[in-house]
Amino acid sequence: MATAKNKENESGFEIEFLKHSFVSHEYWDNHYDNTDIDDEFYEWYLGYKASIKTFFEQFLNINSSTKGLMLGCGTSQITNCLNNQFHCYLVNVDFSNKAIEHMKNLHLENPKLIWVNHNVCDLHSIANSEFDFIFDKGTLDTIVCSTSWKQQIPKMFLEAARVGKDESILIIISTHKDVYKFLSYSYNYFNNQQIFNNNNNDDNNNLKFWKNAIVVCIDSNTSCEFIQLSQQFKSQSFPITNEMNLNENHFFNFANINATQPDLLYILIVSK
């Protein structure tokens, strides 16, 4: 995929912008028009196998009454697999109406799977405090490739906080090692706007933003055991501030980092 040469170096980031506009409906509708619809499902990376399956089994306490929100669901099979395994209630949102209609038609007989055409930065039809967990695999990565990421990324984190319950968990799977910096940037973005000031009279007046986080490094081709991670999350997660600067010791490393060019992914896990 062709890339532009310009890079953004502010706020501690180095981002190479793609020529394709990942924030346009046209791009995604064209993508799903050109995807082989006979395949039914399409994964950008890390489908419901190995590491991610074990993560859901061992880290999240999911059951038939659990409510989850899948951000930028596309035509991924993860929603289907989660529902088959746990019988949980899942709301799936995506920017592309073609992706939503395709997935909706595949699951017409399942009342626990809801499909909504929404921008993840504006979930206006979803009420506050609805979900036990919010999940993203790759959506943040696409927004980051846009020149408008400085406005869009904070909105994504804010909307996720708004629709998550008080004890909810946000999970973001990314190719960016510094994925936590986007969370830190968003924290600072809203602090500067005093959006959580109790003197304000808007709908965000009593909104709880995300408080603590950890980053997990995994090799997408390797199965991982997350039992230790689940036990240590509360004691070893770091507080979200406007100047987070982590080193290797802050990462839970489940990856074979000595392998030749490993397919490394980073899971940002955030709690309120």
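**Aromatic pairs**

Start with the rings: this structure holds 9 aromatic pairs. Rings of Phe, Tyr and Trp (its six-membered ring) count as a pair if their centres lie within 6.5 Å; planes under 30 degrees apart are stacked, over 60 edge-to-face, and the rest tilted. A pair of aromatic rings is described by the distance of the centres and the angle of the planes.

Select Tyr185 and Tyr189. They form a tilted pair, 6.1 Å centre to centre, with 40° between the planes. Both lie in helix H7 (residues 179-193), 4 residues apart, about one turn of the helix. Helices are DSSP runs of H or I with at least four residues, strands are runs of E with at least two, and both are numbered from the N terminus.

Now widen the selection to Trp149, Phe182, Tyr185, Tyr189, Phe190 and Phe209. These residues form one aromatic cluster.

A word on the model before moving on. It is predicted: local features need pLDDT of at least 70, side-chain atom pairs count only at pLDDT 80 or more, and totals for chains, interfaces and linings use all residues. Residues are numbered from 1 along each chain as its sequence is written, and side-chain values use heavy atoms, with hydrogens and water left out.

**Still in H7**

Is Tyr185 buried or exposed? Tyr185 is buried, because its relative accessible area is 18% and buried means under 20% (exposed is over 50%, partly exposed in between; 1.4 Å probe, protein chains only).

Step to Ser184, also in helix H7. Ser184 is buried too, at 4% relative accessibility.

**Charges over rings**

Show Lys67 and Tyr89. Lys67 lies over the face of Tyr89, 5.2 Å from the ring centre. Such a charge sits over a ring if NZ of Lys or CZ of Arg is within 6 Å of the ring centre and within 35 degrees of the ring normal. Then go to Lys272: its charged end sits over the ring of Trp210, 5.5 Å from the centre.

**The strands**

Switch to cartoon and select strand S3 (residues 67-71). Of its 5 residues, 4 are buried. S3 pairs with strand S4 (residues 89-94) in the parallel sense, over 5 bridges. Strands pair if DSSP finds at least two bridges between them. Find Gly68 and look across: Leu90 in S4 stands opposite. From S3 the chain crosses through H3 to S4, and this β-α-β crossover is right-handed. That term means that, with the strands pointing away from the viewer, the path from the first strand over the helix to the second runs clockwise.

S3 also runs parallel to strand S6 (residues 131-137), joined by 4 bridges. Here Leu69 stands opposite Ile134.

Next, S4 and strand S5 (residues 113-117). They pair in the parallel sense over 5 bridges, with Asp94 opposite Asn117. The chain goes from S4 through helix H4 (residues 97-106) to S5, again a right-handed β-α-β crossover.

**Helix H3**

Select residues 78-86. Why is helix H3 largely enclosed by the rest of the structure? Because 7 of its 9 residues are buried. They are Ile78, Thr79, Asn80, Cys81, Leu82, Asn83 and Phe86. His87 follows H3, with a positive phi near 60°.

**Zoom out**

Show the whole protein. It has 8 helices and 11 strands. Buried residues make up 53% of its 272 residues.
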